[in-house]
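Me: I'd like to learn how to read a protein fold from its coordinates. Could you walk me through one?

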Amino acid sequence: MRLNHKYTTDVLCVGAGTYDLVYSVDHHPEPDEKIRASSFTGCGGGPAANAAVTVSRLGLQSAFVGYLGRDIFGNAHIDELQQAGVNIDLVARGGDSSALSVVMVKPDGSRALVNYRKPESFLEADSVDFSSINARVILFDGHEPYISPSLAKSARQRGIITVLDAGSMHSGTEELAGLVDYLVCSESFGLNFTGESTEERALEKLSAYAPNVIITVGDRGLVWKNGEVSGREDAFKIKAVDTTGAGDVFHGALAACLAEKREWHESLAYASAAGALCCTKIGARPGVPTKEEVEGFLAGVASNQPGSDQTVPGSASYNFYPGPPGRVAESSQLFQHLLPEIAN
C-alpha cells in the first residue's frame, strides 16, 4: 500500500524509528561476563524519530516518516510520537518487528549500543507519495535508503532545505551526502568517507559534496566549511549521565532553526544547548528538552549564574559540539558574546 497524505509541516524527518532498552551499568561487559544493571528504562529512539520529537518540543510542527511494527514496541513508540505532537500519517506499520536497540550506559555517560532491524522492514521505493507534503526542511538519517534519494532530489528542485545526519557510514548516508544542503557528520564518517587522516583534509573533500559541511571531532569540538570560508568551534561543557541521542536532538534543533530562518550564530547556540541538555537524563527520548528548557539554559550561560552548567552530581564532563556552518567565519569568543542576545 502506498502512503499518501496531504499536510504542511515545518520539519519532515525521514529515517529510523527504534525502541530503546536502556540499562545503566558500572562498566561494559567483558567477553563471557554477566553484569547487573542498576536501572532500566524503555523509550522510543532512532535518529529521525528523535529529531521529530525534538522539533515538536521546541514548538514547531514535525512529521516522522519511517517504519514501526504492529508489536508492543511499535505501539509504545507510536503513543510517544502522538503525545509529543508528531504527525504520524506517513509511518508505515506492518507485521515485521520494530527495530530494537539495547543501550548500556556507564556512569560517565558513555554508552555501547546494539541495534537490530529486519531487512524486510525498509520502505520500498515509491511506497510513500510526498507530492502533497509541504515542508520547510527535510531531515534524513540515511536509514530509509530506498525512499530518501529521490525525495532529496525532489526537495532540491522545490527549494526545500535538506539536512543529513551522517552519524555512521553506510549505503544510505553515502548516497545522500551529495544530495543535501547541510551535511553534518561524525569524525568517523568524515574520515572513512573521504579516506583522509585529518578532519581538515576531510572537510575540504566533503565541501565538494555539499555547500555546508560540519564534522564533529570529539573533545576538540568541530570543524566546518561554507564555500571558501571555514572555521572551528568550541562546545558547551556539561555534566553528562547519558550521551545517547544527543546528536539526534542537535540535528532536530538545527532543522528547527533552519525552518525558522534563524541567524547562524543563534542557530549554533540553540542547537548546541538542546543537544547538551539531552545528555543530562537517562535515555534519549526523556532527555529531549522543551523550548523553555533550552532558552533557560542559554539564559543561565549568558548570565553566568551558578548552576548554568546544567551539571549532574556524580557524572563526568562531556562536551557537546555546536552545529552546521555559517556564512562567515567567527571565533568561539564571538559565539560566547552572542549568548546574551540569544537568551533575550
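Predicted model: local features only at pLDDT ≥ 70, side-chain atom pairs only at ≥ 80, totals over all residues.

Me: How many helices and strands does the protein have?

Reply: Helices (H or I, at least four residues) and strands (E, at least two) are DSSP runs, numbered from the N terminus. Here there are 12 helices and 17 strands.

Me: What share of the residues is buried?

Reply: Buried means under 20% relative accessible area, with a 1.4 Å probe and protein chains only. That applies to 54% of the 344 residues.

Me: Which residues have the most contacts inside the largest nonpolar core?

Reply: A nonpolar core is a set of buried Ala, Val, Leu, Ile, Met, Phe, Trp, Tyr and Cys residues joined through side-chain atoms within 4.5 Å. The largest has 53 residues, and Phe64, Val294 and Phe297 have the most contacts inside it. Helix H7 (residues 246–259) gives the largest share, 10 residues.

Me: What is the strand order in the open sheet of 4 strands?

Reply: Strands of a sheet pair through backbone hydrogen bonds, either parallel or antiparallel. Two strands count as paired if DSSP finds at least two bridges between them. The order here is S4-S3-S7-S8, with mixed pairing. Strand S4 (39–45) and strand S8 (111–116) are the edges, each pairing on one side only. Strand S7 (residues 99–105) runs antiparallel to S8, joined by 6 bridges.

Technical notes: Residues numbered from 1 in each chain as written. Heavy atoms only, no water. Buried < 20%, exposed > 50% of the residue type's maximum accessible area, 1.4 Å probe, protein only.
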